[in-house]
Amino acid sequence: MKSCHKELWFEIPARRGFVNITPEVERCLAESGIQEGLCLVNAMHITASVFINDDEAGLHHDYEVWLERLAPHAPTSQYRHNGYEDNADAHLKRQVMGREVVVAVTAGKLHFGPWEQIFYGEFDGRRKKRVLVKIIGE
Amino acid sequence: MKSCHKELWFEIPARRGFVNITPEVERCLAESGIQEGLCLVNAMHITASVFINDDEAGLHHDYEVWLERLAPHAPTSQYRHNGYEDNADAHLKRQVMGREVVVAVTAGKLHFGPWEQIFYGEFDGRRKKRVLVKIIGE
Amino acid sequence: MKSCHKELWFEIPARRGFVNITPEVERCLAESGIQEGLCLVNAMHITASVFINDDEAGLHHDYEVWLERLAPHAPTSQYRHNGYEDNADAHLKRQVMGREVVVAVTAGKLHFGPWEQIFYGEFDGRRKKRVLVKIIGE
């Protein structure tokens, strides 16, 4: 069995944002030489997500509006977590969008359907944060 | 290390529906001959889910009503994604229900609790779509 | 390839509660001797979750309030699943918080970001329930 990992760094300039990280994950896979296996991609921070969906700006706007309706940022005083911090909503939004994805590796490629793309979802940005890629297989 | 994969095809006649796919996944596992490992089952389309819950019709009705309350289909004009398409709500519902499950394989069986069953959740049906089963182990 | 698994038992005295299970998962990993691989941790029951977030009491209170707003327990008659049972809301809450996490294993440790902790989330407690830890690698 082979394994490899890589930490990807991001610094999103706004509080929230979505970044397509598929090319970085594909590069990790190519470097690993793994042909058959599983590829885990997870946010290493608990106010961020990794998820798979469509690379379409309208949809990303819809996610932003929808998440803000499900788990509003303001008033920040509505959350007990917000003593020193103001990011309780980010911990909630991350649960809706998920921490991680596991992608099959087949014949040396991410085994994707027609529109699957991997995104980093930031809900409390303006600082450096990491995503972990871990691939096992052979 | 052994690995195997199989793509399962579905065509749900309505816009939304849930299908118990546990027998198909068990068949893949039996064919693989893998005794110990991990089994990934994921929707290959971004308006569908794979999730584990109860095979109970009342609960599936409750999911339908609840998801429609959290992420309503109509009016379709409320979503920017809905230019050529009318399925933005399906992309949102899929995030709540999840893209994938990873199930342990122990002694050649899916290592399940008492009521766990794997479902395909369709939120934008009436066309052919796929689920991927990927199993690695030995 | 090596593999190991362990079932952890819990009995939460209230209907709902969160328990940090990171030390138990770390113990399983140490016993396995696995240095590089993947660690799956999943609820074996469909009214409970395993998720990764912050070990902070204020946040756990926020999750409780928020989940009760997204998927209220009462009135129990609002759910068709609630014939013999009264736990339909627990099946809904579990979908928001997730069934499982997959954690990378690197150099014999859970490969975590600075604040990641693994939690068991109970939404229909007052009885014995299980979490599965399955680790594969070498």
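Trainee: What share of the 138 residues of chain A counts as buried, and how is that word defined?

Mentor: In this predicted model, 62% of the 138 residues of chain A count as buried. A residue is buried under 20% relative accessible area, exposed over 50%, and partly exposed in between, with a 1.4 Å probe and protein chains only.

Trainee: Why is Glu85(A) called partly exposed?

Mentor: The relative accessible area of Glu85(A) is 40%, so it is called partly exposed. Glu85(A) belongs to the loop between helix H2 (57-70) and H3 of chain A. Its C-alpha atom is separated by 35 Å from that of Cys4(A), and the two residues are 81 residues apart along the chain.

Trainee: What conventions stand behind these names and values?

Mentor: Residues are numbered from 1 along each chain as its sequence is written, and chains are lettered from A and ligands numbered from 1 in the order in which they are written.

Trainee: How do you know what confidence the predictor has in chain A?

Mentor: One looks at pLDDT, the predictor's confidence in each residue, from 0 to 100. The mean pLDDT of chain A is 98, and 100% of its residues reach 70 or more. The model scores ipTM 0.97 and pTM 0.98.

Trainee: Why is helix H3 of chain C described as largely enclosed?

Mentor: Helix H3 (residues 88-97) of chain C has 10 of its 10 residues buried, so the rest of the structure largely encloses it. Among the buried residues are His91(C) and Met97(C). Gly98(C) follows H3(C) and has a positive phi, near 95°. Helix H3 (residues 88-97) of chain A is mostly covered, with 10 of its 10 residues buried, including Leu92(A) and Val96(A). After H3(A) comes Gly98(A), with a positive phi near 95°.

Trainee: What makes S1 and S6 of chain B edge strands?

Mentor: Two strands pair if DSSP finds at least two bridges between them. In chain B, 5 strands form an open sheet in the order S1-S8-S3-S5-S6, with antiparallel pairing. Strand S1 (2-11) and strand S6 (109-110) of chain B each have a single partner strand, so one side of each lacks a neighbour in the sheet.

Trainee: How do you know that S3 and S8 of chain B are paired?

Mentor: Strand S3 (residues 37-43) and strand S8 (residues 128-137) of chain B are joined by 7 bridges and run antiparallel. Within this pair, Val41(B) stands opposite Val133(B).

Trainee: Which strands of chain B does helix H1 lie across?

Mentor: Helix H1 (residues 22-32) of chain B lies across S1, S3, strand S5 (100-106), S6 and S8 of chain B, at about 155° to S1(B). Axes are lines fitted to C-alpha atoms, for helices over the stretch in contact, and angles run from 0 to 180 degrees between N-to-C directions; contact means heavy atoms within 4.5 Å.

Trainee: What area do chain B and chain A bury between them?

Mentor: They bury about 2,600 Å², 60% of it on carbon and sulfur atoms. Buried area is the accessible area (1.4 Å probe) that two parts lose on being put together, summed over both. Met1(B), Ile46(B) and Gln95(B) supply 24% of the area that chain B buries against chain A, more than any other three residues. The contact takes 31 residues from chain B and 35 residues from chain A.

Conventions
Predicted model: local features only at pLDDT ≥ 70, side-chain atom pairs only at ≥ 80, totals over all residues. Heavy atoms only, no water. Helix = DSSP H or I, 4+ residues; strand = E, 2+ residues; numbered from the N terminus.
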